[in-house]
Amino acid sequence: MSSICGKGKSSWPELVGAKGETAARTIEKENHKVNAQIVLDGSSGTFDFRCDRVRVVVDKKGIVLQVPVIG
């Protein structure tokens, strides 16, 4: 899949419901140009768009709640 950030995978819908740590490792394995950051749902963060970042939003149990995407 291609995106404004270039070639390579840019979203991981199959990881919704997975453990956050597992999701982060999978994302970084499938796209070596990004760093996956695990973020607790409801946490504050920046709104800037970055091609080298994927936020993995998890609940209190560490389960992925949203589709992780580059940004």
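**Note on the salt bridges, pocket and surface of a predicted model**

1. Glutamate 30 is partly exposed, at 40% relative accessibility; here buried stands for under 20% relative accessible area, exposed for over 50% and partly exposed for what lies in between (1.4 Å probe, protein chains only). This is a predicted model, in which local features need pLDDT of at least 70 and side-chain atom pairs count only at pLDDT 80 or more, while totals for chains, interfaces and linings use all residues. Residues are numbered from 1 along each chain as its sequence is written, and side-chain values use heavy atoms, with hydrogens and water left out.

2. The side chain of glutamate 30 forms a salt bridge with that of lysine 9 (3.0 Å, N to O), the term denoting a side-chain nitrogen of Lys or Arg within 4 Å of a carboxyl oxygen of Asp or Glu. This pair links distant parts of the chain, 21 residues apart: glutamate 30 belongs to helix 1 (residues 20-30), and lysine 9 to the loop between strand 2 (6-7) and helix 1. Helices (H or I, at least four residues) and strands (E, at least two) are DSSP runs, numbered from the N terminus. Lysine 9 is partly exposed, at 26% relative accessibility. A network of salt bridges links Lys9, Glu14 and Glu30.

3. The whole structure contains four salt bridges. Among them, arginine 53 pairs with aspartate 48 (3.4 Å, N to O); arginine 53 is buried, with a relative accessible area of 5%, whereas aspartate 48 is partly exposed at 39%. Aspartate 52 and arginine 50 also meet in a salt bridge (2.9 Å, N to O). Aspartate 52 is partly exposed at 28%, and arginine 50 is partly exposed at 38%.

4. The largest pocket has a volume of about 270 Å³. A pocket is an open set of points on a 1 Å grid over the protein atoms alone, where a 1.4 Å probe fits, with protein on both sides within 12 Å along at least five of seven lines; lining residues have an atom within 4 Å of a point. Its lining comprises 16 residues, with Val39, Arg55, Val57, Gln66 and Val69 nearest the centre. Strand 3 (35-40) and strand 4 (53-58) are the elements that give two or more residues to this lining.

5. Val16, Val67 and Val69 make a nonpolar surface patch of about 210 Å²; such patches join nonpolar side chains (Val, Leu, Ile, Met, Phe, Trp, Tyr) within 5 Å, from residues with over 30% relative accessible area and no salt bridge. Valine 67 lies in the segment after strand 4 and is partly exposed, at 40%.

Methods: Grid points are joined across faces, edges and corners, and a volume is the space filled by probe spheres set on the points. Patches are made of residues with over 30% relative accessible area and no salt bridge: like charges are joined within 9 Å, nonpolar side chains (Val, Leu, Ile, Met, Phe, Trp, Tyr) within 5 Å. Accessible areas come from the Shrake-Rupley method with a 1.4 Å probe; for residues, only the protein chains shown count as cover.
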